[in-house]
Amino acid sequence: MHSTLVPGQPVPALTVPLVGGGEFTLNADKPENFTIVIFYRGLHCPICKGQLTDFRARLHEFSGLGIDVVALSMNTQELAEQTARDWDVSGLKLGYGLTRDQARTWGLFLSSSIREGEPDVFSEPGMAIVRPDGTLYHWSVQTAPFGRAKAAELAGVLKYVIDNDYPVRGTLAA
């Protein structure tokens, strides 16, 4: 069963270790406007590599908008460190060790390995945009590796959201 995150409501607590040391705790550091949490499949996923390098290349735009960006996976520390070495993601906070329970609490879909080189179980992609007060602004979750936001488009949209105080949407029950 997947949890349903509701825009405008508090998100679940989230703390994971970071490549390079320390840990990421959602809302411990309060950005001016938002934290973007990218849940990615892991080192085995070439589409994830493209997404993370895309966001890494635009970190200055997000920073200029008062937005923090972090990418998290269920990868082990060893795989996450290899991700940091092999992918061009310097400057991007890279968390690892997301647990099945954390993934379920966030409503992420889980998949099992279908080929060599994939972890036995990993989460499918998701993206949360969270306000500094810990409430959800936007939530996107995929059941497969495709269909993700592009960094340039998201930066432009979030600039509009900030400049126009665009409200949270999707708060009504279905």
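**Figure 1. Overall dimensions of the chain in the predicted model.** The radius of gyration is 15 Å. For 174 residues, a compact globule would come near 16 Å, so the chain agrees with that expectation. Along the principal axes, the C-alpha atoms fill a box of roughly 45 × 35 × 30 Å. Buried residues make up 47% of the 174. The accessible surface comes to about 8900 Å². Carbon and sulfur atoms hold 51% of that surface. Among contacts with a separation of 6 or more, 69% join residues 24 or more positions apart. The side chains include 15 positive and 19 negative ones. The centres of these two charge sets lie 4 Å apart.

**Figure 2. Order of helices and strands.** The chain has 5 helices and 9 strands. Read from the N terminus, the elements run β-β-β-α-α-β-α-β-α-β-β-β-β-α.

**Figure 3. The largest nonpolar core.** This core has 28 residues. Which of them have the most contacts inside it? They are Ile36, Leu52, Phe62 and Leu158. Three strands, β3 (34-39), β4 (67-72) and β8 (126-130), each give two or more residues. So do the helices α1 (46-57), α2 (59-64) and α5 (151-163). The top contributor is α5, with 5 residues.

**Figure 4. Surroundings of Leu52.** Leu52 is one of the residues with the most contacts inside the largest core. Beyond the residues up to four places away in sequence, Leu52 touches Ile38, Tyr40 and Ala71, among others.

**Figure 5. Leu18 in the loop between β1 (15-17) and β2.** Is Leu18 buried or exposed? Its relative accessible area is 14%, and the cut-off for buried is under 20%, so Leu18 is buried. Neighbours within four places in sequence are left aside here. The remaining contacts of Leu18 include Glu23, Phe24 and Val70. Lys93, Leu94, Gly95 and Tyr96 also contact Leu18. Pro145 lies 127 residues from Leu18 in sequence. Their C-alpha atoms are 23 Å apart in space.

Figure 6. Asn27 is not a glycine, yet its phi is positive, near 75°. Most residues other than glycine have a negative phi. Between the C-alpha atoms of Pro31 and Phe62 the separation is 11 Å. These two residues are 31 apart along the chain.

**Figure 7. Pro125 in the loop between β7 (121-123) and β8.** Pro125 has 1% relative accessibility, so it counts as buried. Which residues does Pro125 touch, not counting those up to four places away in sequence? They are Phe39, Arg41, Leu108, Val141, Gln142, Ala144, Pro145 and Arg148. Leu136 is 11 residues from Pro125 along the chain. The C-alpha atoms of Pro125 and Leu136 are separated by 17 Å.

**Figure 8. Asp165 in the segment after α5.** Asp165 is exposed because its relative accessible area is 64%, and the cut-off for exposed is over 50%. Its phi is positive, about 45°, although Asp165 is not a glycine.

Definitions and conventions
Residues numbered from 1 in each chain as written. Predicted model: local features only at pLDDT ≥ 70, side-chain atom pairs only at ≥ 80, totals over all residues. Heavy atoms only, no water. Core = buried A, V, L, I, M, F, W, Y, C linked by side-chain atoms within 4.5 Å. Buried < 20%, exposed > 50% of the residue type's maximum accessible area, 1.4 Å probe, protein only. Helix = DSSP H or I, 4+ residues; strand = E, 2+ residues; numbered from the N terminus. Contact = heavy atoms within 4.5 Å. Rg over C-alpha atoms; globule rule 2.2 N^0.38 Å. Areas by Shrake-Rupley, 256 points an atom, 1.4 Å probe, with all protein chains shown as cover. Lys, Arg positive; Asp, Glu negative; His and termini not counted. Charge placed at Lys NZ, Arg CZ, Asp CG, Glu CD.
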